[in-house]
Amino acid sequence: MMEQISGPIPSFVPMTFAPRRHHVIDGQAGPNKRILEAVARALYWEDLLDQGEFASISDLARAEDLQPTTVARLLRLARLSPEVIDTLMEGAQPRWLSLYWLQRNDIPHSWQEQINLLTGDRP
């Protein structure tokens with residue numbers, strides 16, 4: 001004979017909470033949406049500049065209603081290596097990595113140096 005259960009059934013789902021609005025699924029931090037959106041925007045802006053849609057970063061910033069320094073900082077993300085972008089899309093970036101960090105710190109030109117810096121322990 002089956003016993004009747006009244007009320008909620010307790011359950012346990014292993015998960016960890018990650019800082020800076022990372023999504024947590026099955027205990028794994030997911031992609032950082034803010035970083036991915038910034039990378040996509042940077043690649044789009046770089047394409048607009050390359051096609052001559054805007055003569056300068058200042059013109060682009062004016063059209064986007066942003067400061068030129070903000071646009072310049074975000075445009076650096078268009079130079080990220082494909083491996084780093086793949087890591088970001090998989091959500092396998094280090095927990096310390098944030099859009100704020102990417103905007104405020106120098107990103108190496110060398111793709112290998114980027115991989116070493118942005119996929120490992122905190123610098």
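This is a predicted model: local features need pLDDT of at least 70, side-chain atom pairs count only at pLDDT 80 or more; totals for chains, interfaces and linings use all residues.
**Exercise 1.** Find the residue just after α4 that takes a positive phi, and give the angle.

*Solution.* Just past α4 sits G91, and its phi is about 75°.

Residues are numbered from 1 along each chain as its sequence is written, and side-chain values use heavy atoms, with hydrogens and water left out.

**Exercise 2.** Work out which residues of α4 are buried and what they pack against.

*Solution.* Start with the cut-offs: buried is under 20% relative accessible area, exposed is over 50%, and partly exposed is in between (1.4 Å probe, protein chains only).

- Step one: in α4 (residues 82–90), V84, I85, T87 and L88 are buried. They span an arc of only 155° around the axis (taken from the directions from the helix axis to the C-beta atoms), so they end up on the same side of α4.
- Step three: α1 and α6 (111–118) are what the buried residues pack against, with contact meaning heavy atoms within 4.5 Å.

**Exercise 3.** Zoom in on L88 and list what it touches beyond four places away in sequence.

*Solution.* L88 belongs to α4 and counts as buried because its relative accessibility is 4%. Its contacts are P31, I35, L36, V39, L80, Q93 and L97. Take P31: it lies 57 residues from L88 in sequence, yet their C-alpha atoms are 6.1 Å apart.

Terms used
Helices (H or I, at least four residues) and strands (E, at least two) are DSSP runs, numbered from the N terminus.
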